[in-house]
Amino acid sequence: MVNIVYFFAYQFTAYMGKAVSSELQWHYVVVCNLIWIVSTTSFGLYSEYGSRRIERIYRGTWKSVVLHAVLFSIYLFFSKQNDFSRSFLVVFYGMLAILFLVNRFIGTSFQFLLFNHLRGVKSVAIMGNNATGLQLASYFEKQRYIEFHGFINDVADDYLDRNGQISDAVGRQFKMAVEKGIKDIYVTIAPERMADMTLLTEEAERQCVRLKFIPDISGALLSPYTVSYLGNEFPVISLRSEPLEKIHNRFKKRVIDVVFSGLVILFVLSWLYPIIAILIKMQSKGPVLFKQLRSGRDDEPFWCFKFRSMRMNSDSDKRQASKNDDRITPIGKFLRKSSLDELPQFFNVFMGHMSVVGPRPHMLSHTEQYKGIVDQFMVRHFLKPGITGWAQVNGYRGETKEDYKMVKRVEHDIWYLENWSAMLDVKIIFMTVINMVKGEENAY
């Protein structure tokens, strides 16, 4: 379709009397196709995931068209034959957008016809009236193309008779399922009843019914959990979702860190560092940078850099800064209030000790103190510490005199760990900049 529209747009543009280079007809069509492959691959338009839902198809389509328009226009603009017709681009992408709308509408209509009028739905039922079964039932009821017939039994694990064989009741239930046209039965089975799976499967297959087993571990595990597979053989249960455990997410976050910190170092610290250094030196003796061992990822200590905002003292590794702290210099007060004292931590980010966004690193003594007081305190150390974080932009920054403030900070840090996305990092960075401009009450 893209190629048909391309050649038609070429002829139509020439028909309108607009000058069109012959290179556009034969040479650039190859580039057009290659860019289309890149665009659709970027948004997974033709992947199994991208085609599974109608909204994903529409979303992937318009994003692919927009990216193609941007990349193809840039290529034509910077190519040697840059006398391309802008009228051609308008006609090409205008017609492409219209045809995609028609194409997707026809496809959607066909799908509606297939599933609703030709009964292209899957009939399912559940065996196992337990907590997991109830959750599964709620899921099936929301699915558009699944015909849910409810539970085929009232008792969660009434499978075997006194002789250890499949009970007659279960056989009758399978037979009733066949009569109703049910193709798949999902069995939510407790871990201690896993040995019954073989007998249940044999009985179901006699009745020409497929069984799919879901372990009912809702009673044993109070937290939400995910199940993955190790080598396609061993099911692994994880009680905590960690997007940054996936290598492609870590790579994405590291790219953001290197690019962002590199830009800050090059365009901000290159000229601001000498100015702040002179002001710090004018007001007190000592180094420009304050270095302190802090807890990093996996509780590994690292040297954290800050602009020195206090006079030299022996309490810096034990005592947190507080409001009206007499150790803070005049320029230090400004640096802390504006958060400019944190800027040297971009060196930490660039070197890989920290991330732009993540849980704030604590002094080693505070880590020892709070890990025995606050539940799940050490979970926040699964991530690299950050210059800013979800807790900080929600007001939990600065001194933590009361334990409940640290509890709230840990809760926000764990939420960030479990819900990380690149866009969440971008959101936190923007919120941090806004808070810096507005000024923060807890910054001192």
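Asp341 and Lys306 form a salt bridge in this predicted model, with the closest N and O atoms 3.3 Å apart. Asp341 sits in the loop between α10 (330-338) and α11 (345-351), while Lys306 belongs to strand β8 (residues 301-307), so the pair ties together parts that are 35 residues apart in sequence. Both Asp341 and Lys306 are buried.

Lys306 also meets the side chain of Glu342 in a salt bridge, at 3.8 Å from N to O. This pair likewise links distant parts of the chain, since Glu342 is in the loop between α10 and α11 and Lys306 in strand β8, 36 residues apart. Glu342 is buried, as is Lys306. A network of salt bridges links Lys306, Asp341, Glu342 and Arg360.

The structure holds 9 salt bridges. Another of them joins Glu203 to Arg206, where the closest N and O atoms are 2.6 Å apart. Glu203 and Arg206 both lie in helix α8, 3 residues apart, which is about one turn of the helix. Glu203 has a relative accessible area of 14%, so it is buried under the 20% cut-off. Arg206, at 61% relative accessibility, counts as exposed because the value is over 50%.

| Salt bridge | N to O distance |
|---|---|
| Glu203 and Arg206 | 2.6 Å |
| Asp341 and Lys306 | 3.3 Å |
| Lys306 and Glu342 | 3.8 Å |

Helix α8 (197-206) is also part of what covers the buried residues of α7, together with β1 (122-127), β3 (184-189) and β4 (210-215), among others. Helix α7 (residues 168-179) has 12 residues, which at 1.5 Å a residue should span 16 Å; the end C-alpha atoms are 17 Å apart, which agrees. The buried residues of α7 are Val170, Gly171, Gln173, Phe174 and Ala177. Viewed down the axis of α7, these buried residues fall within an arc of 160°, so they line one face of the helix. Asp168, Arg172 and Glu179 are exposed on the other side of α7. Just after α7, Gly181 takes a positive phi of about 85°.

Leu417 has a relative accessible area of 1% and is buried. Beyond its neighbours within four places in sequence, Leu417 is in contact with Arg240, Ser241, Glu242, Pro243, Val379, Phe382 and Leu383. One of these, Pro243, is 174 residues from Leu417 along the chain, yet their C-alpha atoms are separated by 7.5 Å.

For the protein chain as a whole, there are 15 helices and 10 strands. Of the 444 residues, 41% are buried. Among contacts between residues at least 6 apart in sequence, 67% join residues at least 24 apart. The accessible surface comes to about 25800 Å², and 60% of that belongs to carbon and sulfur atoms.

An unreviewed UniProt entry carries the annotation "transmembrane region" for residues 26-49, 61-78, 90-115 and 255-280. In the model, residues 61-78 are 100% helix and 0% strand, with the end C-alpha atoms 26 Å apart. Residues 255-280 are also 100% helix and 0% strand, and there the end C-alpha atoms are 33 Å apart.

Terms used. Residues are numbered from 1 along each chain as its sequence is written. This is a predicted model: local features need pLDDT of at least 70, side-chain atom pairs count only at pLDDT 80 or more; totals for chains, interfaces and linings use all residues. Side-chain values use heavy atoms; hydrogens and water are left out. UniProt positions are given in the numbering used here, feature names are shortened, and annotations may be inferred rather than shown by experiment. Helices (H or I, at least four residues) and strands (E, at least two) are DSSP runs, numbered from the N terminus. Buried means under 20% relative accessible area, exposed over 50%, partly exposed in between (1.4 Å probe, protein chains only). Contact means heavy atoms within 4.5 Å. Accessible areas come from the Shrake-Rupley method with a 1.4 Å probe; for residues, only the protein chains shown count as cover. The expected span of a helix is 1.5 Å times one less than its number of residues. The arc is that of the directions from the helix axis to the C-beta atoms. A salt bridge is a side-chain nitrogen of Lys or Arg within 4 Å of a carboxyl oxygen of Asp or Glu.
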